[in-house]
Amino acid sequence: MRFRYLPLVLLSLSPLAAAQTDRVVPEVLRDVEGSMLNTYPLSFQDVRWQYLVDGGALATKQALIGGMSFRADGTASNPANTLSLKVDVYTVTTTPASMTTTFASNIGTATATTVFSGKLNVKAFNAQAPTPAPFNVTVPFTALYTFLPANGHLLVDWVENQSYLSSSWRADSFFYEGAWGRGWSTEVWEDTACTNARGDQATLSISTSGTGFLGGAIVVNHKLAPATGGKLDLALQWIGGSNKLYGPIQLPLSLAGLGLKNCALATDIAFITATTGASVTWGVPTDSSLQWKPVFIQGAALDSSTMDLVTTTNAYQVVLLPSTPAVGPAQTVYKTKWSTTTTGTGAMSPTGHFAPVVRFDGKLFQ
């Protein structure tokens with residue numbers, strides 16, 4: 001095992017600032033891949049789905065909302081889907097923390113505004129790098145909805161009433177756990193066919209004990225698979241601040257010209273270390289300016305006697321979390337086969353806030 005602290009150069013990294021004509025929930029994932037994927041609501045025909053957003057996550061004074069957009073999980077390929085959809089929005093007193101599995105209770109006495117009714121064509125998506133994917137599934141509102149956070153929180157009530165069908169359209173999502181049980185780590189690049197001319201391979205994995213909290217650590221394991229008759233006796237790992245650019249170079253960068261078939265440099269390199277052990281432990285500083293920032297990790301393996309080298313078949317993103325669990329900005333309740341049910345209840349995460357990353361589009365968010 002090798003222990004290293006994250007280089008201070010990463011302290012300068014930050015998500016893009018929120019635009020005045022849109023707002024991403026959660027804003028920290030505007031340009032960062034989420035930690036989960038979610039099949040609700042875009043996979044299902046015949047589903048009811050409620051999405052409750054804390055008013056402060058949308059605006060301080062007011063928001064004029066003209067639509068909502070989803071993006072695919074960056075590492076998943078999704079088929080096209082056509083939904084027959086009705087979407088109502090409400091301003092409610094229910095908070096994401098007090099949301100229940102009973103749909104009517106979440107609405108309370110609030111008045112519905114129907115913002116969409118008709119066909120929604122959900123585009124197919126092929127896994128791509130770099131992540132995150134673009135927001136390319138948009139539900140346009142028929143008119144601007146005026147939202148005032150002083151009056152409460154925004155509830156989206158989504159009903160699809162065709163015959164039940166699942167297309168497995170996986171939306172990029174997040175999970176704020178009530179008690180942090182794991183860090184926000186996710187693969188952001190993978191090609192299992194990555195190999196050098198000799199046939200060597202190497203793969204990374206993030207240990208469940210490596211949570212990425214401030215003051216904690218990220219434990220990154222590597223599995224080395226040398227070709228028959230060869231050896232891989234030295235592992236390299238590097239950590240960087242981007243999976244999109246390395247200076248002026250766009251990532252991922254194909255390494256086929258170096259004899260590394262199907263391999264790519266998927267992250268930039270701020271710091272690199274070598275070890276003969278099975279893992280590297282990256283220490284995370286306690287500096288609060290690091291929280292919610294992403295770091296990116298990739299590696300390589302080397303035969304020190306022949307200098308044969310192969311990069312890893314994958315790369316990871318880890319979002320550095322505050323040491324104290326944070327309250328999520330949104331929560332969801334969902335139920336498939338809604339049109340044939342006799343109950344007005346659905347399901348939700350019992351341990352935290354779980355929802356897709358959503359961009360609300362409009363004229364003004366202030």
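Val53 stands opposite Ala330, a residue of strand β24. Welcome to a quick tour of this predicted model.

**The β4–β24 pair**
- Strand β4 covers residues 44-53 and runs antiparallel to β24, with 7 bridges joining the two.
- Strand β24 spans residues 330-336 and is mostly covered, since 5 of its 7 residues are buried.
- Strand β4 also holds Asp46, whose phi is near 75 degrees, a positive value in a residue other than glycine.
- Asp46 counts as buried because its relative accessible area is 3%, under the 20% cut-off.

**Nonpolar cores**
- The largest nonpolar core has 54 residues, and the members that touch the most others are Tyr51, Leu154, Trp158 and Phe360.
- Strand β8 (residues 135-147) gives the most to this core, contributing 6 residues.
- Another core lies apart from it, with 15 residues, including Trp282, Val284, Ile297 and Leu320.
- As general background, nonpolar side chains tend to be buried together in soluble globular proteins.

**Gln298, a buried polar residue**
- Gln298 sits in strand β21, which runs over residues 294-303.
- With a relative accessibility of 0%, Gln298 falls under the 20% cut-off and therefore counts as buried.
- A polar atom of the Gln298 side chain lies 2.9 Å from the backbone oxygen of Ala264.
- If you like distances, the C-alpha atoms of Gln298 and Gly362 are separated by 38 Å, and the two residues are 64 apart along the chain.

**A surface patch and its neighbourhood in sequence**
- Tyr246, Ile249 and Leu253 make a nonpolar surface patch of about 220 Å².
- Leu253 belongs to strand β17 (residues 253-254).
- Leu253 counts as partly exposed because its relative accessibility is 33%, between the 20% and 50% cut-offs.
- Leu251 and Pro252 are joined by a cis peptide bond with omega of about 0 degrees.
- Pro252 is placed in the loop between β16 (249-250) and β17.

**Other backbone details to look at**
- A cis peptide bond also links Thr131 and Pro132, with omega of about 5 degrees.
- Pro132 is found in the loop between β7 (113-122) and β8.
- Ser168 has a positive phi, near 55 degrees, and is a residue other than glycine.
- The loop between β9 (153-166) and β10 (171-177) holds Ser168, which is partly exposed at a relative accessible area of 37%.

How values were computed: Residues numbered from 1 in each chain as written. Predicted model: local features only at pLDDT ≥ 70, side-chain atom pairs only at ≥ 80, totals over all residues. Heavy atoms only, no water. Buried < 20%, exposed > 50% of the residue type's maximum accessible area, 1.4 Å probe, protein only. Helix = DSSP H or I, 4+ residues; strand = E, 2+ residues; numbered from the N terminus. Pairing = 2+ DSSP bridges. Patch = residues over 30% accessible without salt bridge, like charges linked within 9 Å, V, L, I, M, F, W, Y side chains within 5 Å. Areas by Shrake-Rupley, 256 points an atom, 1.4 Å probe, with all protein chains shown as cover. Salt bridge = Lys/Arg side-chain N within 4 Å of Asp/Glu carboxyl O. Core = buried A, V, L, I, M, F, W, Y, C linked by side-chain atoms within 4.5 Å. Polar contact = N/O pair within 3.5 Å; in protein donor to acceptor, adjacent residues only side chain to side chain.
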